[in-house]
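Look over the sequence and the model, then read the points below.

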Amino acid sequence: MADELDVLESAALAELRELQTLSQLEAWRVRYLGKKSTLTSALRALSALPPEQRRTAGAHSNAVKASLQSEYEARKQELSLSTIGESIGGACLDVTLPGRALPIGRLHPITQVIQEICSVFARMGFQVIDGPEVEWDYYNFEALNIPQDHPARDMFATLWLDSSEDRNARLLRTHTSPMQIRIMEEHRPPLRFVVPGRTYRYEATDATHDWMFHQVEGLAVDSDITLRDLKETLFEFCRSIFGRDTGVRFRCDYFPFVEPGGEIAIECFQCRGGGCRLCGSTGWLEILGTGMVHPDVLARCGIDPSVYSGFAFGMGVERITILRYGVDDIRHFYSGDFRFLRQF
Ligand code: FA5
């Protein structure tokens, strides 16, 4: 019997080495290790042997079975790996290669600059809040000293959601200034707020104008606020964002909801004052409108203008980003072009 088992073992192992597929291997396992295999029958027949022969024959049968079993496992491993290799196009699989890194997302440049602007004002004691993009005529115009038929409505080409004749019409806010009213209706002085958000205008686009852009509104109201506070706050802001060496121009401007009104422009990074397409040959790019809150606006919100005064400003975030990073056209920001966006 011992000889038979040795013959069986060497025949089985020789056959095993020739196998090429997992299904051939399975047939081999059934033949040599399955319930009806010669080896299993030999093990069953052990009980018929006299006890002295049974011990040696049993040990031998078990050793043959263990050897076939372990060779079977090893061959199965080899054939499984080569099957994976074939299924990935015959290329060899190098399991030691490092995994591919997933691309990491980042914030849009405008979001980054909004965060930077807000943190400059937060350091100066301003709170950050937001407000609705769909606004009532009252907040966008009326309460800001711009009644129906006021020529200043032409300064803000409006996207109306209802008929513009309707006094309760809704619109897409043309600026963040309506939030001045909402803040003063809800809070009592002292007030220091900045409000970032989207604004919309029915305008043709060019290198510095888009139909949707972001503004950050600012409002400070207290018992002794002067034009000097306004200028110092905004010059400090410009120094924080553009550095000390960039030219800043402050001059008068008109907005019905402030008195006096002003604007700030920054030296054009592209021509350094020489004149180019971006700055319309002026050498300057306007970034914000500002002024001392008009006494009528304060009074309309229930704040006594003989006791309190305040300043407000509204800055264009895309313009600031253009100047900060030397972008030559505002329309890049929303083109969805990753070659542009990956630079920030
Ligand atoms: C206003 O929107 C006033 N609400 C600002 C203000 C607030 C004045 C508080 C006084 C007190 P203006 O229309 O100038 O003002 O816009 C302010 C800034 O928004 C501009 O300086 C510019 O930086 C930006 N801006 C205006 N129109 C566009 C546009 N079409 N595309 C991109 N940025 C724009």
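The ligand sits in the largest pocket. The model is predicted.

**Residues around the ligand**
- The shell around the ligand holds 26 residues.
- Of these, H175, S177, R201, E203 and E286 come nearest.
- By type, the shell has 10 nonpolar, 10 polar and 6 charged residues.

**Strands that take part**
- β6 (212-222), β9 (284-293) and β10 (309-316) each supply at least two residues of the shell.
- β9 gives the most, with 5 residues.

- E286 has a polar side-chain atom 2.6 Å from an oxygen atom of the ligand.
- In the side chain of S177, an N or O atom lies 2.8 Å from a nitrogen atom of the ligand.
- For Q215, the distance from a side-chain N or O atom to an oxygen atom of the ligand is 3.1 Å.
- The ligand exposes 670 Å² when taken alone, and the protein buries 95% of that.

**A loop residue, L93**
- L93 is found in the loop between α4 (51-87) and α5 (109-123).
- L93 and G262 are 169 residues apart along the chain. Their C-alpha atoms are separated by 68 Å.

Key. Residues numbered from 1 in each chain as written. Predicted model: local features only at pLDDT ≥ 70, side-chain atom pairs only at ≥ 80, totals over all residues. Heavy atoms only, no water. Near = heavy atom within 4 Å. Polar contact = N/O pair within 3.5 Å; in protein donor to acceptor, adjacent residues only side chain to side chain. Areas by Shrake-Rupley, 256 points an atom, 1.4 Å probe, with all protein chains shown as cover. 1 Å grid on protein atoms, 1.4 Å probe; cavity = no way out; pocket = protein on both sides within 12 Å on 5 of 7 lines; lining within 4 Å. Sits in = over half its atoms within 2 Å of the grid points. Helix = DSSP H or I, 4+ residues; strand = E, 2+ residues; numbered from the N terminus. Nonpolar A, V, L, I, M, F, W, Y, C, P; charged D, E, K, R; others polar.
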